[in-house]
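Colleague: I am new to reading structures. Could you take me through one, feature by feature?

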Amino acid sequence: MFALLSFLLSFFKTGDAPGESLSSPSVPASSNETVGLDAVPDESFRTSRPDIVGPDAPDAPFPIKLSGPVQHGFGRGGKDLGCPTANLPDDSLPPMIDAAKTGVYYGYAQVTPSEGTPSSLSDQDVCVLPMVMSFGWNPFYKNERMTAEIHIMHEFKTDFYGYDMKALVLGYIRPELHYTSREALIEDIEFDKKVALKSMARPGYQKYMSDPFFTA
Ligand code: ADP
Ligand code: MG
């Protein structure tokens, strides 16, 4: 049972080795002193979550800009949960590591073909699109490395490994949590997506869709 849950929980912990603890440090990203503490989502947190979070416009340290070619993760459950996550490369993470704690974030992302490479993406696929991002320690690497995984709220017809991805992180949703139920995890991911969309519907966020950081 635990192995099955470990597998399914990989949206927030891609890279978990089978059977490893799903620790969820909600500590500043620059410190891993308390890695190993579990934050179990209690019912009151889960039932009373607001559907709009953060200030009316991004506040420091946001916006945070990340970019790099999409990497293979560990292929362990993102798609099975209805939530594939495109992984950013390690060398793209410092802006996040330097400024933010681990957790789930919202913002916009854009996927584009690398220069000179033929593309299988449609015009809709290469638009600036809303996303949720999980940012955390990677137990597969003994909590010495971090991962940022982005779920773009859009139906892609094909995978886009190797394509360039830009992400503008605009706000924080919640800490990483240790789930013991698949249903609770899926419910919370769905709720995270609603929170992201509602939070970014505010005028102070909308303008970032046309930020010059993105490719016109
Ligand atoms: P991996 O462990 O390799 O990251 P996932 O099951 O998380 O595997 O799937 C991620 C891949 O799915 C991405 O790299 C991308 O190519 C593809 N993908 C398709 N649709 C999406 C989407 N809406 N958001 C993010 N990635 C997507
Ligand atoms: Mg993934």
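Modeller: Gladly! Let us start with a term: a polar contact is a pair of N or O atoms within 3.5 Å; within protein, one must be able to donate a hydrogen and the other to accept it, and residues adjacent in sequence count only if both atoms are side-chain atoms. Here, the side chains of D188 and Y179 make such a contact, at 2.4 Å.

Colleague: What should I know about the model itself?

Modeller: It is a predicted model, where local features need pLDDT of at least 70 and side-chain atom pairs count only at pLDDT 80 or more, while totals for chains, interfaces and linings use all residues. Residues are numbered from 1 along each chain as written, chains are lettered from A and ligands numbered from 1 in the order written, and side-chain values use heavy atoms, without hydrogens and water.

Colleague: Is D188 buried or exposed?

Modeller: Buried means under 20% relative accessible area, exposed over 50%, and partly exposed in between (1.4 Å probe, protein chains only). D188 counts as buried because its relative accessibility is 3%. Leaving aside residues up to four places away in sequence, D188 touches R46, R49, R174 and Y179, where contact means heavy atoms within 4.5 Å.

Colleague: How do I read a pair of aromatic rings?

Modeller: Such a pair is described by the distance of the centres and the angle of the planes. Rings of Phe, Tyr and Trp (its six-membered ring) pair if their centres lie within 6.5 Å; planes under 30 degrees apart count as stacked, over 60 as edge-to-face and the rest as tilted. The count here is five aromatic pairs. In one of them, F156 and F160 are tilted, with 4.6 Å between centres and 50° between planes. F156 is buried, at 17% relative accessible area, and F160 is buried too, at 12%.

Colleague: Which residues form an aromatic cluster?

Modeller: F62, Y105 and Y172 form one. The charged end of K101 also sits over the ring of Y172, 4.3 Å from its centre; this requires NZ of Lys or CZ of Arg within 6 Å of the ring centre and within 35 degrees of the ring normal.

Colleague: How far should I trust the coordinates?

Modeller: Look at pLDDT, the predictor's confidence in each residue, from 0 to 100. Where pLDDT is low, the predicted coordinates should not be read in detail. The chain averages 82, and 80% of the residues score at least 70. Over residues 1-37, however, the pLDDT is below 50.
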